[in-house]
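Please look over the sequence and structure below.

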Amino acid sequence: MKALIWLPAACLAGIVIGAWGPREELRTREEHAAAEKARPRNAAEGFKAFARLANIPDEARRPRRHRQPGKALFTTTNATPKKADAPKKDAPRVASAPATAPAPAPVATNAPPRRAERMSPEDLRARIEEAQDLWRTRVELARTQWKDKLGIASGSDAAGRFDAAIDSMNEQLHETMQTMATLLAQQERMTPELGLRMVGDATTIMTETYEQIRTCVPEEHRSEVADMQVVEFIDPGVAEPLIEVQDKLEQMPMPSSRRMNR
C-alpha cells in the first residue's frame, strides 16, 4: 500500500525529468537565436553571396601567383575601340622629346625561371586565379552547348550578339565591383547597405542579360532562355577591384570554422 501511495509522485517526477531535456535544448536554441539576432550582422555577407555566384572559393587550394604582378586578372572583351579624350584647350603643350637611341637588347642568361609567388590561401587574388582556371575550362563548352540548345547557328550574327551579351554582363559586373571598391576604400569597414547594393546591382545586371539573350534567340526557343544559368558565364576576375580592399571584407569565415559551428 505504501508503494501505491508514492506511485503518483514517482510518475510526476519522471514526467518532469523527461521533459527537462527537451526544454533545456529549446532554451539553448532560443538563447543562441537571440545572440545571433543581437550580434552585429557581418557586412561581408554581400561579397560572400557574390563570391558564391562567381564560384570564388573561400580558400585557394594552390595559392600561387600565376600571373605577373600588375597584370590584370580581368580584361574587357569589347572589340570596339574607345574614343580618345579630346585635349583641353587650356592644357599646355608639351614639347616632343628628342629622339634617343634604342635601348640595348637584354642579355640572355641561363638563370632558372622564376617560381610562382607563394600566396596566402585566403588571399582574394589567389582565390580569383584558382576560380578563373576552372572557369576557363568550362565556359567555352557552356557557350557552345547553349547556342546549340537555343537554335543559334555558329558564326551567325545571332551568335555574335549572344557572346556580346555575355561579355557585356562581365564588363558591367567588373564596373560594379570597381564602384564598390571605391566606396569601400572611403569607409572604415563594409556596411550592410554596401553589401546589399553589391548583390542588388549584380542581380539586376544578370537579369538584364537574360533579356539581351532573348533578342538573339529564335522565337520558338525564347522560353528556354529562362533555364539558363547565367552565373556559369561570370568571369571570377570581375571581382579583381576588391583585392585592394579585401582587408575590409571582414570576418570572412573559413570552411573549418563552419564545420566547427555545425
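Predicted model: local features only at pLDDT ≥ 70, side-chain atom pairs only at ≥ 80, totals over all residues.

The cut-off for buried is under 20%.

Which residues does Phe 50 touch, beyond those up to four places away in sequence? They are Leu 173, Met 177, Met 198, Ala 202, Val 238 and Ala 239. Take Ala 239: this residue is 189 residues from Phe 50 in sequence. In space, the two C-alpha atoms are 8.9 Å apart.

## Helix α2 against helix α5

Two packed helices are described by the angle between their axes and the distance between the axes. For α2 and helix α5 (residues 192-214), the axes come within 7 Å. They cross at roughly 30 degrees. Angles under 35 degrees count as roughly parallel, and therefore α2 is roughly parallel to α5.

On the α2 side, the contact is made by Gly 46, Phe 47, Ala 49, Phe 50 and Leu 53. On the α5 side, Gly 195, Met 198, Val 199, Ala 202 and Met 206 take part. By class, 8 residues of this contact are nonpolar and 2 are polar. No charged residues are included. Met 198 and Ala 202 of α5 are also among the residues that Phe 50 touches.

## Asn 170 in helix α4

Asn 170 belongs to helix α4, residues 157-185. Is Asn 170 buried or exposed? Its relative accessible area is 4%, so Asn 170 is buried.

Neighbours within four places in sequence are again set aside. Asn 170 is then in contact with Phe 74, Phe 233, Ile 234, Asp 235 and Val 238. Val 238 is also on the contact list of Phe 50.

## An aromatic pair

How many aromatic pairs does the structure hold? It holds 1. The partners are Phe 162 and Phe 233, in an edge-to-face arrangement. Their ring centres are 6.4 Å apart, with 85 degrees between the planes. Edge-to-face applies to planes over 60 degrees apart.

The pair links distant parts of the chain. Phe 162 lies in helix α4, while Phe 233 lies in the loop between α5 and α6 (255-261). The two are 71 residues apart. Both Phe 162 and Phe 233 are buried.

## Trp 146 in helix α3

Trp 146 is part of helix α3, residues 124-149. Its relative accessible area is 11%, which means that Trp 146 is buried.

Residues up to four places away in sequence are not counted here either. Trp 146 touches both members of the aromatic pair, Phe 162 and Phe 233. Met 228 and Trp 146 are 82 residues apart in sequence. Their C-alpha atoms are 7.9 Å apart in space.

## The chain as a whole

The protein chain has 6 helices and 2 strands. Along the sequence they follow the pattern α-α-β-β-α-α-α-α.

What share of the 262 residues counts as buried? The figure is 31%. The accessible surface comes to about 18500 Å². Carbon and sulfur atoms hold 56% of that surface.

Residues 24 or more positions apart account for 84% of them.

Terms used
Residues numbered from 1 in each chain as written. Heavy atoms only, no water. Contact = heavy atoms within 4.5 Å. Axes fitted to C-alpha atoms, helices over the stretch in contact; angles between N-to-C directions. Helix = DSSP H or I, 4+ residues; strand = E, 2+ residues; numbered from the N terminus. Parallel < 35°, antiparallel > 145°, perpendicular 65-115°, else oblique. Nonpolar A, V, L, I, M, F, W, Y, C, P; charged D, E, K, R; others polar. Buried < 20%, exposed > 50% of the residue type's maximum accessible area, 1.4 Å probe, protein only. Phe/Tyr/Trp six-rings, centres within 6.5 Å; stacked < 30°, edge-to-face > 60°. Areas by Shrake-Rupley, 256 points an atom, 1.4 Å probe, with all protein chains shown as cover.
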